[in-house]
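Q: Please go through this structure with me. I would like to know what stands behind each term you use.

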Amino acid sequence: LTGFALGTNLANPDIKPEFTKSTEFGLHLAMFRSRVNADVNYYSQSVTNQTIPVSISSATGYLSTTQNVGLVKNSGWEFVLDATPLLNLGPVQWDMKANLSLMKSHIDYILPGVLDRIFIGGYDAGSMYSIAGGPMRELLVTDWQRDPQGRVIVDANTGYPTADPTLKDAGQATPATILGLSTSFKYKGWK
């Protein structure tokens, strides 16, 4: 016997399409018969009307409704430098590539007057959120309560540190700077 269950997401007839506006510029330079190559790229992107489930009172008979939310802006630079081959000794060839990415993200707003943060995921001690006015994927963590001098407050009855009920901002979970280096060796055509 097949069973049916009522959905827990209330349909929203006012949903609008999500819009992404992006711009990218790049420059590629090749030198020494393309043995040394350099790429520089700049990008800028803004996303509006993202659709997400937003929690509502269970008295409605549902747990969430889908809403259009937010204005998120991302921009950054990407640099790549590669040398092919960096070293060529007949049957042995060594290639190298380096890249640097600089990214900045900012959430202008989520759902003004209603919602200023969205839980993305995580655990008891630390979770990722999107918070209006901050970057994407802000890491909020549990910390200990501290006195005005910064010392951890210990519960007199249990002897354990007292957890602070207010989550603390531990920074951006997505790195703003990424540096990469890769290398490969070939011997008689074998990598």
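Q: Which residues does Ile-52 touch, leaving aside those up to four places away in sequence?
A: Ile-52 touches Thr-65, Thr-66, Gln-67, Val-69 and Ile-118. Contact here means heavy atoms within 4.5 Å. This is a predicted model, in which local features need pLDDT of at least 70 and side-chain atom pairs count only at pLDDT 80 or more, while totals for chains, interfaces and linings use all residues. Residues are numbered from 1 along each chain as its sequence is written, and side-chain values use heavy atoms, with hydrogens and water left out.

Q: What does Thr-66 touch, not counting residues up to four places away in sequence?
A: Its contacts are Asn-9, Leu-10, Asn-12, Ile-15, Thr-51, Ile-52 and Pro-53. Thr-66 is in strand E4; strands (E) are DSSP runs of at least two residues, numbered from the N terminus. Thr-66 and Val-152 are 86 residues apart in sequence and 42 Å apart in space, C-alpha to C-alpha.

Q: Why is Thr-66 called partly exposed?
A: The relative accessible area of Thr-66 is 24%. Buried means under 20%, exposed means over 50%, and partly exposed is what lies in between, with a 1.4 Å probe and protein chains only. The value of 24% falls in between, so Thr-66 is partly exposed.

Q: Why is Met-136 called buried?
A: Met-136 has a relative accessible area of 18%, which is under the 20% limit, so the residue is buried. Met-136 lies in the loop between strand E7 (126-131) and strand E8 (138-141). Beyond four places in sequence, Met-136 touches Val-72, Ser-105, Ile-107, Ser-130 and Gln-172. Met-136 and Asn-74 are 62 residues apart in sequence, yet 9.0 Å apart in space, C-alpha to C-alpha.

Q: What makes up the largest nonpolar core?
A: Eight residues do: Ile-52, Val-54, Val-69, Val-72, Ile-107, Ile-110, Leu-111 and Met-136. A nonpolar core is a set of buried Ala, Val, Leu, Ile, Met, Phe, Trp, Tyr and Cys residues joined through side-chain atoms within 4.5 Å. Strand E3 (36-55) and strand E4 (64-89) each supply at least two residues of this core.

Q: How many residues line the largest pocket, and which lie nearest its centre?
A: There are 16 lining residues, and Gln-50, Val-72, Ile-118, Ser-130 and Met-136 lie nearest the centre. On a 1 Å grid over the protein atoms alone, a pocket is an open set of points where a 1.4 Å probe fits, with protein on both sides within 12 Å along at least five of seven lines; a lining residue has an atom within 4 Å of a point. E3, E4, E5 and E6 each supply at least two residues of the lining. About 230 Å³ of space lies in this pocket, the volume being the space filled by probe spheres set on the points, which are joined across faces, edges and corners.

Q: How many aromatic pairs are there?
A: The count comes to four. Rings of Phe, Tyr and Trp (its six-membered ring) pair if their centres lie within 6.5 Å; planes under 30 degrees apart count as stacked, over 60 as edge-to-face and the rest as tilted.

Q: Why is the pair of Trp-94 and Phe-185 called stacked?
A: The ring centres of Trp-94 and Phe-185 are 5.6 Å apart, which is within 6.5 Å, and the planes are at 10 degrees, which is under 30, so the pair is stacked. Trp-94 is in strand E5 (residues 92-109) and Phe-185 in strand E10 (residues 177-187), 91 residues apart.

Q: Why is the pair of Phe-119 and Tyr-129 called edge-to-face?
A: The centres of Phe-119 and Tyr-129 lie 5.5 Å apart with planes at 70 degrees, which is over 60, so the pair is edge-to-face. Phe-119 lies in strand E6 (residues 117-122) and Tyr-129 in strand E7. Phe-119 is partly exposed at 47%, whereas Tyr-129 is buried at 14%.

Q: How do you know that the charged end of Arg-117 sits over the ring of Tyr-129?
A: The charged end of Arg-117 is 5.4 Å from the ring centre of Tyr-129. The rule asks for NZ of Lys or CZ of Arg within 6 Å of the ring centre and within 35 degrees of the ring normal.

Q: What is said of phi in Arg-137?
A: Phi of Arg-137 is near 55 degrees, a positive value in a residue other than glycine. Arg-137 lies in the loop between E7 and E8.

Methods:
Helix = DSSP H or I, 4+ residues; strand = E, 2+ residues; numbered from the N terminus.
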